[in-house]
Amino acid sequence: MLQGKKIIIGISGGIAAYKTLFLIRLFKKAGAEVRIVATENAMWFVTRVSLESLSQNKVYDKVFGPENDYTTEHISLTDWADAFVVAPATANIIGKYANGIADDALSTSLMAFDKKVFVAPAMNCKMYENFAFQKNLETLRQNAVQIIEPAEGYLACGYEGKGRMEEPHVIFQQVQSWFAHDRKDLQGKKVLLTAGPTFENIDPVRYIGNYSTGKMGFALAEELAERGAEVTLVAGPVNLSLQHPGIHRIDVQSAQQMYDAAMNAFPRMDAAILTAAVADFRPAQLNTEKVKRTGDTLTLQLIANPDILASLGQIKKSGQVLAGFALETTNEVENAQSKLKKKNLDFIVLNSLKDKGAGFGTDTNKITLLDNKNQITGFELKSKKLVAKDITDKLVEYLKEHQA
Ligand code: C5P
């Protein structure tokens, strides 16, 4: 898959640069050609000899100087490459890249590059959370740069938190899977997604909600769109943004609004995957004024919301693929299988809250896929981005069969 691909690996000045040596090895072993662009500070952490021996190419780390026989190396290099991977990416290089500053070999090359860029941040957790850094990261995201989120854990500075550069094999996998998807195997397909929680109003200031953040559904929306699908994303109240032109987002708040949007869109769709954590019940009566404290107890009467997935299952036509999620705490497989049948699904994605790193709010997930042919496939704990790829592969398999 990576045989003959041309990759620039950009290295900025962080201690994680030592791990980049392993990353270069992984690309070379997969048959890719690698050229290194480094900042001057990066060269404190790794030696030129290691980088040049592993990549089998000269390191480019100075825009001007006696060793540069001509001064447009950043252009010839960026024209040459298919993808650019910055690992580690410090707060500084991300800040320069997001704001159009080109004052060294790496920032200049990034500005001259108009193909796929991957960025693997590495820094202290406080720097990671800094408002300016987060704004810069969002700018990159909105410009289709793929962020390989740092992991949480022990940091070289002694802190524990988010900021540790992702392991080389994970970075490698994300780049590899991007090249694999470049095949656009969902071109022309229309896919409906629901994502996030729903909020059910009690009165003008209070609601019943849940801890869903929408991360899994949004990762799936991006994956589907990158592979060519036209995505209709019906999103509950979430704090996430996306900018892919292939995604049409409809924001809703309550289960009833999500139901209306999904039922309206589904007949035009080739497939639907419902990831939303929909409230099963809503207050029976909506108070137009704020409910006052009148005693030591308050009884709220709740009534059932429509089951969106089951309703789509009832109107599903032949050729349409329908999938849902099951978040379970006990008898996981049995419960998921019974939902699959009851709601007339083609496949269901099972999450167990018992698995560490799975479920709400995390950047990772661990899933089991169960389908209506009684196949059960378990997957490792991985980033939601890579989980989205596994789910999309399953959808592609089903669409091929249904629409053959
Ligand atoms: O039955 P349960 O709520 O566990 O089913 C989960 C699946 O059903 C998820 O895919 C969820 O998005 C969907 N669902 C729905 N409408 C509801 C409840 C769940 O679409 N009211």
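Visitor: Is E226 buried or exposed?

Guide: This is a predicted model, in which local features need pLDDT of at least 70, side-chain atom pairs count only at pLDDT 80 or more, and totals for chains, interfaces and linings use all residues. Residues are numbered from 1 along each chain as its sequence is written, and side-chain values use heavy atoms, with hydrogens and water left out. Buried means under 20% relative accessible area, exposed over 50% and partly exposed in between (1.4 Å probe, protein chains only). At 17% relative accessibility, E226 therefore counts as buried.

Visitor: With which residue does the side chain of E226 meet in a salt bridge?

Guide: A salt bridge requires a side-chain nitrogen of Lys or Arg within 4 Å of a carboxyl oxygen of Asp or Glu. The N to O distance here is 3.3 Å, and the partner of E226 is K385.

Visitor: How many residues apart in sequence are the parts that this pair ties together?

Guide: Helices are DSSP runs of H or I with at least four residues, numbered from the N terminus. E226 lies in helix 10 and K385 in helix 14, so the parts tied together are apart in sequence by 159 residues.

Visitor: Which residues are linked with E226 in a network of salt bridges?

Guide: The network includes K385, the partner of E226 at 3.3 Å. Besides E226, its members are D185, E223, R227, K385, K389 and D393.

How values were computed. Helix = DSSP H or I, 4+ residues; strand = E, 2+ residues; numbered from the N terminus.
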